[in-house]
Amino acid sequence: MAKYIVLLGPPGAGKGTQAKIIAEKHGLVHVSSGDLFRENLKGQTELGRKAQGFMNRGELVPDDITIDMVRDRLKREDCVKGALLDGFPRTPAQADALEEMLKDFNGKVDIVPYIAVPSEVLIERLGGRWTCRLNGHVFHEKFNPPKKAGICDYDGSELYQREDDKPATVANRIKVYFEQTAPLIEYYRSRGLLAEVDGTLPIEKVTEKLMAAIEKAQ
Ligand code: ADP
Ligand code: ADP
């Protein structure tokens, strides 16, 4: 049976950082809805054009567009054994749609690690985030600096600051998270799938706790 892990947490909690590490350790494909949207923006596709305004304002892209995009990604050959989902689902409607689509892929959500981080910390994290152009690796100018400023340690590509990591957009993204995504904490808790992890710990400690939660669920 295919295995699916959903990483839940506010913007800046460390989902992308941890997903890259854990996907490699578990041999799972990392599926980030934010990265998929950014690839479409870069490629100037129809999907990218539809998503752009929502992303720039720090709003969620409508459910139907997002669900179709993720379904198409999970259908691909490299996901036959499952995936590590980062940034999806972000609404209860997306969570319901995920449950349905995974039935077609011979799987289900196995565990939902929730990386808990308070708002004040998120603002500082997103303000100092530097993202790699090629593969979405993330660094932080203070908490996780690259070896060479402006260059990705893993693939040598250029690091940039995301447009939506500017303070005004960050504030809106956090508000949108509390209104639309935080209800998923109860959604998955009530299904016995939630594993809460303290996301304020150093990156390696968070990885340890996430790995322990994932192994326990197997
Ligand atoms: P998300 O994908 O949840 O939005 P990221 O993984 O992009 O979060 O992390 C946001 C920022 O915080 C990045 O700059 C990253 O380097 C930094 N970061 C991630 N985890 C930690 C941590 N445990 N402690 C300090 N900084 C962290
Ligand atoms: P973060 O790293 O801060 O958690 P993401 O990279 O996951 O942010 O997402 C960036 C933007 O892409 C979001 O602000 C939103 O506009 C859009 N997006 C990503 N995932 C979803 C989703 N599941 N539903 C709707 N919009 C999404």
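Let's start with the shell around ligand 1. Helix 1, residues 15–26, and strand 6, residues 138–140, each supply at least two residues of that shell. Keep in mind that this is a predicted model.

Who sits around the ligand? The shell around ligand 1 has 19 residues. Gly 12, Thr 17, Arg 129, Phe 139 and Leu 201 come nearest. By class, the shell splits into 9 nonpolar, 7 polar and 3 charged residues.

Now the polar contacts. Lys 15 has a side-chain N or O atom 2.8 Å from an oxygen atom of ligand 1. At Phe 139, a polar backbone atom lies 2.8 Å from an oxygen atom of the ligand. At Ile 203, a polar backbone atom lies 3.5 Å from a nitrogen atom of the ligand. How much of the ligand's accessible area does the protein cover? On its own, ligand 1 has 560 Å² of accessible area, and the protein covers 93% of that.

Next, the second largest pocket. It holds about 660 Å³ of space. Its lining counts 25 residues. Nearest the centre of this pocket are Asp 35, Arg 38, Glu 39, Arg 133 and Tyr 160.

Which elements give two or more residues to this lining? They are strand 2 (29–32), helix 2 (33–42), helix 3 (46–57) and strand 5 (129–132). Helix 2 provides the largest share, with 6 residues.

For the shell around ligand 1, recall 3 charged, 7 polar and 9 nonpolar. That's my part.

Conventions. Residues are numbered from 1 along each chain as its sequence is written. Chains are lettered from A and ligands numbered from 1 in the order in which they are written. This is a predicted model: local features need pLDDT of at least 70, side-chain atom pairs count only at pLDDT 80 or more; totals for chains, interfaces and linings use all residues. Side-chain values use heavy atoms; hydrogens and water are left out. On a 1 Å grid over the protein atoms alone, a cavity is a set of points where a 1.4 Å probe fits but cannot get out, and a pocket is an open set with protein on both sides within 12 Å along at least five of seven lines; lining residues have an atom within 4 Å of a point. Grid points are joined across faces, edges and corners, and a volume is the space filled by probe spheres set on the points. Helices (H or I, at least four residues) and strands (E, at least two) are DSSP runs, numbered from the N terminus. A residue is near a molecule or strand if one of its heavy atoms lies within 4 Å of it. A polar contact is a pair of N or O atoms within 3.5 Å; within protein, one must be able to donate a hydrogen and the other to accept it, and residues adjacent in sequence count only if both atoms are side-chain atoms. Accessible areas come from the Shrake-Rupley method with a 1.4 Å probe; for residues, only the protein chains shown count as cover. Ala, Val, Leu, Ile, Met, Phe, Trp, Tyr, Cys and Pro count as nonpolar, Asp, Glu, Lys and Arg as charged, and the others, Gly among them, as polar.
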